[in-house]
Amino acid sequence: MAPPSSPPPPVRPPRTPPPPEVETVPITPSAPALPVLTSSQIAGARTAGPGAGGGAGGAGSGSGAGGSGGGCDMVRRLQDALRGDAEVRAAIDAASLQLNASGRAIQVWDGDWLQNGDEAGKGLAGVRQAIAMEVAFAPAECRAERMRGLVLLSLGDGSGASRVALGTSAWRWSDLLEIE
């Protein structure tokens with residue numbers, strides 16, 4: 001008996017280069033996610049004092065020094081506006097969930113509106129727009145108020161509420177209106 005012969009090796013088709021009309025597109029890296037701040041990073045941040053809409057209060061809270069008359073409480077004004085807008089709350093809650101913030105503050109502005117990943121637009125676009133509208137229609141002396149450090153806006157009462165932070169070492173509320 002003759003030994004069984006092995007089958008011939010498979011024939012591979014020749015490799016052909018891609019057609020020349022195919023355009024190669026470089027992969028652009030994703031934009032970084034918004035920073036989630038730790039409790040030590042937000043220690044001393046200005047918060048809305050107690051009053052309409054609730055709020056954390058405490059050291060660093062209360063109204064800022066405005067112009068003539070009763071002063072300005074832009075922190076309270078912004079926090080109340082964000083709390084009163086269901087779409088803004090939903091956007092911040094979704095970003096908090098995506099970033100696994102678990103009640104920690106998400107920074108949306110640090111002298112420039114920050115972009116969250118591949119989101120179209122900076123500063124969580126709806127949040128940026130809501131803040132800009134409140135600032136734009138605030139009295140001129142409020143927009144010109146000098147600020148230092150972070151401002152913390154809470155979207156609800158309690159430790160698990162979504163929160164956003166904005167600010168830099170020295171800034172004015174009107175700086176939030178400078179959009180590229």
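**Exercise 1. Describe the largest nonpolar core of this predicted model.**

Step 1. The largest nonpolar core holds 33 residues. Ile 131, Leu 166, Trp 173 and Leu 176 have the most contacts inside this core.

Step 2. At least two core residues come from each of these elements: helices H2 (74-83), H3 (86-98) and H4 (125-136), and strands E2 (105-109), E3 (146-154) and E4 (163-172).

Step 3. A separate, second core has 7 residues, including Leu 37, Ala 45, Ala 105 and Ala 165.

Step 4. Take Trp 173 and set aside its neighbours within four places in sequence: among its contacts are then Met 74, Leu 78, Val 135, Arg 143, Met 147 and Leu 166.

**Exercise 2. Work out the layout of the open sheet.**

Step 1. The sheet has 4 strands in the order E1-E3-E4-E2, and its pairing is mixed.

Step 2. Strand E1 (46-47) and strand E2 are the edge strands, each pairing on one side only.

Step 3. E1 pairs with E3 in the parallel sense over 2 bridges. Arg 46 has Val 151 of E3 as its bridge partner.

Step 4. Helix H2 lies across E1, E3 and E4, at about 30° to E3.

**Exercise 3. Classify the packing of H2 against H4.**

Step 1. The axes of H2 and H4 are 10 Å apart, and the packing angle is about 135°.

Step 2. Angles over 145 degrees count as roughly antiparallel, and 65 to 115 as roughly perpendicular. H2 and H4 are therefore oblique to each other.

Step 3. The crossing of H2 past H4 is right-handed.

Step 4. On the H2 side, Met 74, Arg 77, Leu 78, Ala 81 and Leu 82 make the contact; on the H4 side, Ala 130, Ile 131, Glu 134 and Val 135 do.

Technical notes
Residues numbered from 1 in each chain as written. Predicted model: local features only at pLDDT ≥ 70, side-chain atom pairs only at ≥ 80, totals over all residues. Heavy atoms only, no water. Core = buried A, V, L, I, M, F, W, Y, C linked by side-chain atoms within 4.5 Å. Buried < 20%, exposed > 50% of the residue type's maximum accessible area, 1.4 Å probe, protein only. Contact = heavy atoms within 4.5 Å. Pairing = 2+ DSSP bridges. Axes fitted to C-alpha atoms, helices over the stretch in contact; angles between N-to-C directions. Parallel < 35°, antiparallel > 145°, perpendicular 65-115°, else oblique. Left-handed = near helix turned anticlockwise from the far one by under 90°.
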